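Work through the exercises below with the sequence and the coordinates side by side. Each task is followed by a solution that goes step by step.

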Amino acid sequence: MTEIPRSHPRYQSLLARELITQGVLSGITSKHGLIAQGRGEAFDYLIGEKTIDSAAHAETCACALLLLAENPVISVNGNAAALVSSGLVTLAEVLDAKLEVNLFHRTDERVELITKYLEEAGAKHVLGRTAEPLLDLDHERNRAERDGLYSADVVLVLLEDGDRCNVLTQMDKIVIAVDLNPLSRTSQTAHVSIVDNIVRVIPNMIEIAREMKGMDDEKLWEFVDSFDNGIALADAIEEIKVNLTGVQYELLSGTDFDPKKGHEISDEQKRALEEERIRKKREVLMKGSDLILE
Ligand code: PTJ
């Protein structure tokens with residue numbers, strides 16, 4: 001394992017890469033998991049590598065729903081196991097939820113490895129080994145345990161496949177998804193979409209669930225009712241826009257720009273951005289006409 005110095009400015013990101021790489025080498029994570037991690041990193045970069053307010057709200061709603069559930073299940077894949085296995089075991093304990101291994105690139109060997117890995121992290125009972133093809137899907141993610149995912153009323157899915165997310169919602173389950181990409185089919189389909197990195201989500205949710213445990217149902221429903229998934233997704237996209245506008249402005253004006261005040265761009269600043277946009281467009285058009293003439 002490569003030693004990563006804590007002082008490195010990108011320590012967290014490099015650590016996650018290392019964990020995923022080790023996951024691939026030990027057979028827990030699929031090779032495709034490397035690509036998924038890369039895509040996640042890109043979106044994390046765009047949202048500022050932090051838990052944005054709307055994601056924190058989604059995490060609160062998610063904990064309330066999982067505590068209200070009769071049969072809550074956390075679905076675990078190879079990336080989640082590599083990055084946050086002990087956190088998942090703690091979260092399942094606090095929420096009194098089941099852990100079920102469910103893989104897109106499923107082999108019995110990988111299910112076994114991930115189950116053992118979760119057990120080593122302290123899990124007492126992990127579902128998934130005896131999953132049957134019960135979901136209406138053409139791939140291996142159609143498998144579910146009868147007393148696990150199949151009969152669950154609330155499901156937490158991590159880095160999910162859009163198809164299965166859709167099928168789970170059609171089975172009248174409440175689906176909570178963690179996905180850094182607010183544009184993905186999963187984010188667009190889930191009831192609660194947490195646009196945040198699982199390495200932040202799981203510790204956050206452990207803390208929130210501990211605080212919420214013992215609250216009466218009425219109070220928990222208040223947290224659920226205060227949440228709107230459309231607004232949360234729109235907010236994540238807005239966050240990306242504001243961050244990008246901030247960088248654009250910095251590049252154009254050479255002055256500091258506070259992305260949080262993105263909405264407060266002065267008319268003069270807006271004009272500068274618009275002029276730059278038009279200039280760039282002209283440049284592209286000119287190049288285009290040169291090509292046509294050639
Ligand atoms: O272990 P398996 O066989 O079940 O396979 C798991 C992967 C993740 C390979 C499989 O489900 C897959 O191919 O997923 P996708 O379609 O690449 O989707 C992964 C989504 O998760 C993408 O939208 C990423 O932006 C997002 N993502 C990646 N890393 C993280 C993440 N979201 C939150 N936290 C992350 N660390």
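**Exercise 1.** What percentage of the 294 residues in the protein is buried?

*Solution.* The model is a predicted one, in which local features need pLDDT of at least 70 and side-chain atom pairs count only at pLDDT 80 or more, while totals for chains, interfaces and linings use all residues. Residues are numbered from 1 along each chain as its sequence is written. A residue is buried if 20 or more other C-beta atoms, placed from the backbone, lie within 10 Å of its own, exposed if 12 or fewer do, and partly exposed in between. By this criterion, buried residues account for 39% of the 294.

**Exercise 2.** Classify the exposure of Thr169 and find its contacts.

*Solution.* Thr169 belongs to helix H6, which covers residues 162-170 (helices are DSSP runs of H or I with at least four residues, numbered from the N terminus). Because 16 other C-beta atoms lie within 10 Å, Thr169 is partly exposed. Once neighbours within four places in sequence are set aside, Thr169 is in contact with Val175, Thr189 and His191, where contact requires C-beta atoms, placed from the backbone, within 7 Å.

**Exercise 3.** How do helix H3 and helix H10 pack?

*Solution.* Helix H3 (residues 53-68) meets helix H10 (residues 229-253) at an angle of about 150°, and their axes are 8 Å apart. H3 is therefore roughly antiparallel to H10, a label for angles over 145 degrees. Ser54, His57 and Ala58 of H3 make the contact with Ala232, Asp235 and Ala236 of H10.

Note on methods. Helices (H or I, at least four residues) and strands (E, at least two) are DSSP runs, numbered from the N terminus. Two residues are in contact if their C-beta atoms, placed from the backbone, lie within 7 Å. Axes are lines fitted to C-alpha atoms, for helices over the stretch in contact, and angles run from 0 to 180 degrees between N-to-C directions. Angles under 35 degrees count as roughly parallel, over 145 as roughly antiparallel, 65 to 115 as roughly perpendicular and the rest as oblique.
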